[in-house]
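Me: I have a structure to read and some terms to sort out. Can we go through them one by one?

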Amino acid sequence: MTRRRTTAAASPASVIPAARVAWCVVVGAVFALAPSARAAGAGAAEANDRLAAQTLAIFGEKCFGCHTAAAKPKFKKFNYVDDLTKLAGNPKFIVAGDPDKSLLYKQIVEDEMPPEDSDVQPLTPAQRDVVRAWIKAGAPAGRTVPGGGIAKPIPLAQNPGGIISSDAPKSAPATPRPTRPFFTRLILWLGKFHPLAAHTPIAVLMAAAIAEMLFLKYRSPALTSAARFCMVLGGMGAVLTAALGWAMATGYSGAEREALETHRWAGTAAALLCIPIALLGEWGARRAHREGRDWHGPSRWLFRVSVFFVAGLVGFAAHIGGLIVWGADMFQFPK
Ligand code: HEC
């Protein structure tokens, strides 16, 4: 002890090797640690790639059916769930690092998405955790790999959980939705006939309006009969269509909601209006018939104006319905 201190203090020559040793240790440590630091960086990037790939695979299974440009019906506002870069860039949906502030994650955990009335099952807890971890990690887009796309997710058909196989929890079967009551399912099923039924009132109420227009020129009793017939048939179709529409339009939320409300109330109002108009047609024409004349006068004018109005209202409702399904630019001239 005494000796060592003495030597160190006494001889500058012995200080030099000590400094050299220390220097070598520092340099050596840098060389030794650098690759592992680099490896740690690479590991994080790889983990991010995998998270991105897993997330994309989950979206592929659960969301692509409705939220890609190719999906039908088209939701123009949000049709890029397959583009993680664009998705992560929209703060309305993703707040990088904060899943609980991210609308997309909230929609998933609150079981809003996929919608209850769709055929797509909700995410498994393990899948939710992947989406959560992905947002927490800053919603990385994943590295593109040669040949396009990002680090490959396992094909969905082979991987219903959407989890990359090596870390697929063995015990995470998809939690099936509890079977809904028969009546609920019946209503959902009937709702699917709304677009089918809608064509009848649209065409037939327009035909009623055309018959009324032609009557103004030709004054033919046949045209009175045609207008009455179309008004009754079209009115029945409108009431049925509106009822089916209420059955169809459950579970809408978000951007299309406003258009849907307009469509719903225009259609419902048109259907309700059809009833008194059709009754007026029957009453007026039958009374005139009893009196041995064709139907003219103020009551006929009231009928006529109402038919024009309700045909226009149905056309308007149908147009909004078309926009909801096919997108706002559906009439754009092809480029
Ligand atoms: C069966 C079709 C369907 C599926 C599957 C589906 N969605 Fe949706 N999604 C809708 C509809 C309908 C809306 C409401 C209309 C709209 O806003 O575009 C909507 C709205 C959203 C919105 C709000 C959009 C906005 O502009 O406010 C988010 C976020 C969303 N979905 C995320 C998802 C995610 C994530 C998945 C997959 C886990 C998913 N959806 C699966 C039909 C679907």
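Reply: Start with helices. A helix here is a DSSP run of H or I with at least four residues, numbered from the N terminus. This is a predicted model. Arg 219 lies in the loop between α8 and α9.

Me: How many helices and strands does the protein have?

Reply: There are eleven helices and zero strands. Along the sequence the pattern reads α-α-α-α-α-α-α-α-α-α-α.

Me: What makes Arg 219 exposed rather than buried?

Reply: Count the other C-beta atoms within 10 Å. Exposed means 12 or fewer. Arg 219 has 11, so Arg 219 is exposed. Its phi is also worth a look: near 55°, a positive value in a residue other than glycine.

Me: Where is Asp 111, and why is Asp 111 called exposed?

Reply: Asp 111 is in the loop between α5 and α6. Asp 111 has 12 other C-beta atoms within 10 Å. The cut-off for exposed is 12 or fewer. Therefore Asp 111 counts as exposed.

Me: What joins Met 113 and Pro 114?

Reply: A cis peptide bond, with omega about -10°. Most peptide bonds are trans. Pro 114 is placed in the loop between α5 (103-109) and α6 (125-136).

Me: Why is Gly 65 called partly exposed?

Reply: Gly 65 has 16 other C-beta atoms within 10 Å. Buried needs 20 or more, and exposed needs 12 or fewer. The count of 16 lies in between, so Gly 65 is partly exposed. Gly 65 lies in helix α3 (residues 64-67). Leaving aside neighbours within four places in sequence, Gly 65 is in contact with Ala 71 and Val 120. Gly 65 and Pro 114 are 49 residues apart along the chain, and their C-alpha atoms are separated by 9.7 Å.

Me: Which residues of α10 are buried, and what covers them?

Reply: The buried ones include His 263, Gly 267, Ala 270, Cys 274 and Ile 277. Their cover includes α9 and α11. Ala 270, leaving aside neighbours within four places in sequence, is in contact with Ala 238, Val 310, Leu 313, Val 314 and Ala 317.

Me: What makes a set of residues a nonpolar core?

Reply: The residues must be buried, of nonpolar kinds such as Ala, Val or Leu, and joined through C-beta atoms within 7 Å. The largest core here has 26 residues, and Ala 270 is among those with the most contacts inside it, as are Leu 205 and Val 310. The elements that give two or more residues to this core are α8, α9, α10 and α11. The largest share, eight residues, comes from α8. Apart from this core lies another, of 24 residues, including Ala 53 and Ile 108.

Note on methods
Residues numbered from 1 in each chain as written. Predicted model: local features only at pLDDT ≥ 70, side-chain atom pairs only at ≥ 80, totals over all residues. Contact = placed C-beta atoms within 7 Å.
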